[in-house]
Structure formats: structure tokens, C-alpha cells
There are 2 protein chains.
Amino acid sequence: MSLQHALLGVLEARPMNGYELTRFFEAAPRWVWSAPQSQIYPTLRQMEQAGLIEGQKEIRGTRLSRTVYSITERGLAELRTWLGTSHTPPPARDAFFLQALFFDMIEPDRAASVLKAFIAEQEQLAAEWRAHREALLAKDTPLLKERLKNRPAGEHDRIAALKAHVFAGQIAVATARAEWARESLRLLEEPTP
Amino acid sequence: MSLQHALLGVLEARPMNGYELTRFFEAAPRWVWSAPQSQIYPTLRQMEQAGLIEGQKEIRGTRLSRTVYSITERGLAELRTWLGTSHTPPPARDAFFLQALFFDMIEPDRAASVLKAFIAEQEQLAAEWRAHREALLAKDTPLLKERLKNRPAGEHDRIAALKAHVFAGQIAVATARAEWARESLRLLEEPTP
DNA sequence: TGTATCATGTAAGATGTTACATGATTGC
DNA sequence: GCAATCATGTAACATCTTACATGATACA
């Protein structure tokens with residue numbers, strides 16, 4: 001159900017059509033949730049049926065139609081309830097740690113090259129998140145700007161700080177993973193006595 | 001495909017039947033991968049068809065039959081290839097960070113209680129992993145004992161250290177998450193000027 | 001007139017979840 | 001005899017992935 005809540009969270013900022021949402025959820029600088037286009041459209045229709053969002057059909061030109069969805073009172077209530085509830089953690093399922101668990105079965109060189117790629121990838125992610133965090137602190141992302149329009153000015157700093165802090169969390173995790181991988185490299189290279 | 005590799009990794013230690021594997025993958029002290037019983041059995045049959053594992057039917061008592069699966073040469077090769085290859089990271093999909101991203105929409109008290117539950121849960125996980133890590137370092141887990149029987153004694157320390165280090169990684173991530181949640185609590189409580 | 005972008009759709013298959021179902025064996 | 005454990009199965013459903021398909025509009 002998380003995709004639905006992710007969509008509700010985005011639509012709370014402003015109404016959007018499937019195409020915009022698709023670009024958002026497929027965006028290169030990774031966000032906290034991702035989904036392919038083929039999942040977005042059916043989910044939107046489902047959510048409309050459930051009364052969580054409302055679609056407004058528009059025509060561009062003569063024949064190109066798009067449906068702009070906005071969050072309903074019901075959707076807002078559902079989102080708030082979900083946000084205020086503790087959910088059971090997802091089952092452990094980390095393909096990379098799984099891989100690392102059996103590194104003793106392959107040559108250290110091969111394991112090392114996998115680890116190095118992992119470090120590069122985590123650092124890349126951290127860099128993207130760092131940029132996004134900065135942009136949020138500067139209140140300079142398209143979505144945050146829209147969102148703040150419906151909020152009292154006195155809260156803007158707090159809201160930006162809270163959102164930015166989520167990406168600080170992503171950065172912290174990516175950094176911890178990269179650091180762990182560097183330690184792994186040292187462990188692998190240790191000469192066996 | 002990761003479940004298949006997880007199963008291969010476990011079966012490399014020793015042959016097991018579906019029931020044993022189920023207990024392993026549903027075990028309370030979380031491992032790096034989990035799967036329900038309903039997924040294990042069909043996957044095992046699939047893997048046997050693919051020649052990655054080999055099932056040996058046994059009879060306990062008069063009628064209770066079980067199929068003990070062991071890894072084949074083919075399965076071992078597949079596992080080694082997978083272990084030595086870098087895989088594209090899974091798409092970002094973190095329900096908790098998603099939730100935290102919208103904490104500005106609910107009362108700070110409610111957000112705080114969600115955060116506190118999260119901290120407790122991450123610390124619980126870290127504790128379980130810490131215990132498992134210690135057990136691995138002491139070469140005192142059932143599976144590791146089996147596994148080491150087929151390895152030269154001179155490598156035992158290194159293998160145990162490598163496996164234990166994976167759980168050090170899990171602990172580091174859980175700790176980073178808990179620490180991040182504690183910072184969030186402070187941010188939430190900050191008085192708005 | 002052609003290319004990039006806008007805009008929406010579906011279909012097949014893999015993976016994961018929840019729940020139910022059946023019977024054998026061990027040990028008290 | 002009864003409960004806990006051993007042992008395997010399936011069915012329905014939700015979720016996610018990969019791929020294909022179609023047409024409109026903007027703009028150079």
C-alpha cells in the first residue's frame with residue numbers, strides 16, 4: 001500500500017496527472033520511493049475508485065487529454081492516519097548483504113571488485129541525496145515550493161528542516177554502508193597467517 | 001532471483017529439506033533474507049528442475065516422506081558466478097523514510113510516538129544481530145559448524161570473521177537509523193520561534 | 001517534416017503475502 | 001490419547017518488472 005501513500009503525499013503538494021507523477025517516481029536522483037509508469041496509472045484509477053483522489057479530465061489542443069488528480073478529504077485523512085501509525089518493519093531482504101555473506105566462497109579479488117562497485121554506488125547515492133537535502137534546506141525544489149504555498153510562513157523553516165532531515169537519514173545509511181564495505185575490503189586483504 | 005541464491009548459500013553448508021529451510025527463513029532472529037513457507041517449496045522444485053539442487057526422497061517411519069535437497073555442481077557454479085558479479089541496486093523503496101517525509105503533516109506527538117517505536121525496533125534488531133555476530137565469531141552457530149567441516153582448518157577464522165562482519169554491517173545500519181530517529185525527535189520538539 | 005516530449009494504456013510474468021489444508025510422527 | 005512438532009502442499013491476491021503499443025502536440 002505504500003505506493004498509494006507515496007502518491008497521496010505527492011498529490012498533497014499539488015494536483016498532478018499520471019505523466020508528471022511518472023516522471024517524479026522514475027526520476028534519476030533517487031527519492032524515497034520509486035515506481036514504474038506501468039504501476040502508476042492503474043494505481044491512480046484504483047485510488048480514485050476508493051475516493052482517495054479525484055480526477056479532472058482536461059483537453060490540451062484538440063484531442064490530447066489528460067487526467068489531473070487531486071487529493072480528497074478522504075485521501076488526506078487516510079494519509080494522516082497512516083503517517084501517525086507504527087507499521088511492522090518489512091522482512092529482512094537485502095540482496096547485497098546476502099551476497100557479502102558468501103564472499104568466502106569466491107576469490108578475494110572478485111569479492112573486492114564487487115565491494116568497490118558497491119562503494120562507488122553508495123557514494124553516488126549519498127551525493128545525490130546530499131544535493132537534494134541542500135535544495136530542500138534552501139526551499140528550492142519545485143514540489144516543496146508548491147507545498148509551502150498552503151502553509152503558514154512561520155512554519156516554512158521547520159517543514160523544510162524536517163524534510164531535509166529525511167535525506168540526512170538516507171545519507172547516513174549510505175555512508176554507513178560504504179564505510180562497512182571499506183572495512184570489508186581490509187578484511188579480505190588481510191594475509192592469512 | 002535472490003531467494004534462489006539465498007537457498008543455494010544455505011544448502012552449500014549441508015543438505016536440507018523444505019521444513020528445515022522454512023524454519024531457517026522464517027526464524028525470529030532475523031537473517032539477511034526471509035521468505036515464507038509458501039514460497040520455499042515451489043522454489044525448491046523450480047531449482048531442482050533447473051538442476052541447481054538435487055532432491056533425495058527419504059521416508060521417516062512408514063509414510064512420512066521428506067525430500068532432502070543438496071546443491072549440485074551446477075548450483076555451486078551459479079552461486080559463485082552470482083557472488084562475483086555486481087548487481088544493479090534495487091530501486092529506492094523505504095516505507096519508513098516515506099512516512100517520515102510527511103511528519104510535518106501530523107501532530108508532533110504522533111510523529112514522536114512513531115519515531116520512538118522505530119528506535120525500539122531498530123535497537124531490538126541490532127541486539128539480535130549483535131548476538132548472531134558474536135555467535136559467528138565464536139564459530140558457534142549450527143550452520144557455520146556444518147559449513148566449516150568442508151573447509152581447511154586454517155581458513156576457519158577468516159571465514160567466521162567475514163560472515164560476522166556482514167552482521168556488523170547490519171548493526172551499523174540499524175544503529176545509524178536509530179541515531180537518525182533520535183535526531184528527528186529533537187527536531188520535532190524544537191520550539192518554533 | 002521529423003524529433004522530442006506529452007499522455008495513457010495493457011499484458012505477461014516474477015515475486016511476495018496471507019490463509020487454508022492435510023496428514024504423520026514423537027513423546028508425554 | 002493428545003499435543004507439539006515434522007512435513008508438504010495449494011489458492012487467491014497484491015505487488016513489482018519488463019516490454020510493448022498508440023497517438024497527440026510543440027517546436028525546430
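1. A residue is near a molecule or strand if one of its heavy atoms lies within 4 Å of it. The model is predicted: local features need pLDDT of at least 70, side-chain atom pairs count only at pLDDT 80 or more, and totals for chains, interfaces and linings use all residues. Residues are numbered from 1 along each chain as its sequence is written, chains are lettered from A and ligands numbered from 1 in the order in which they are written, and side-chain values use heavy atoms, leaving out hydrogens and water.

2. DNA strand C. Of its atoms within 4 Å of the protein, 65% belong to sugar or phosphate, and bases make up the rest.

3. Elements facing strand C. Helices and strands are DSSP runs numbered from the N terminus (helices H or I, at least four residues; strands E, at least two). α3(A) gives the most to this surface, with four residues. α2 (18-25), α3 and β3 of chain A and α3 of chain B each supply at least two residues.

4. The side chain of A:R60 has an N or O atom 2.9 Å from a phosphate oxygen of DNA strand C. B:R60 uses a backbone N or O atom, 3.1 Å from a phosphate oxygen. A polar backbone atom of B:L64 lies 3.3 Å from a sugar or linking oxygen.

5. DNA strand D. Among the 24 residues around it, A:S38, A:T62, A:R63, B:Q37 and B:T67 come nearest. Sugar and phosphate account for 65% of its atoms that come within 4 Å of the protein. α3(B) supplies the largest share of this surface, four residues.

6. A backbone N or O atom of A:T62 sits 2.6 Å from a phosphate oxygen of DNA strand D. For B:G18, also through a backbone N or O atom, the distance is 3.2 Å. B:Y19 reaches a phosphate oxygen with a side-chain N or O atom at 2.8 Å.

7. Sheet of chain A. Three strands form an open antiparallel sheet, ordered β1-β3-β2. β1 (16-17) and β2 (53-60) stand at the edges with a single partner strand each, so one side of each lacks a neighbour in the sheet. Pairing requires at least two bridges found by DSSP. Eight bridges join β2(A) to β3(A), residues 64-71. A:K57 stands opposite A:T67 of β3(A).

8. Helix α8(A). This helix (156-189) has 34 residues and reaches 50 Å from its first C-alpha to its last, close to the expected 50 Å. The expected span is 1.5 Å times one less than the number of residues. α8(A) is mostly covered, with 25 of its 34 residues buried. (Buried means under 20% relative accessible area, exposed over 50%, partly exposed in between; 1.4 Å probe, protein chains only.)

9. Symmetry. Chain B can be laid on chain A with an RMSD of 0.0 Å by a 180° turn and a shift of 0.0 Å along the axis. The two copies are thus related as by a two-fold rotation axis. Superposition is by least squares on the C-alpha atoms of residues with pLDDT of at least 70 in both. Within chain B, B:V173 comes closest to the axis, at 2.9 Å (C-alpha).

Terms used. Polar contact = N/O pair within 3.5 Å; in protein donor to acceptor, adjacent residues only side chain to side chain.
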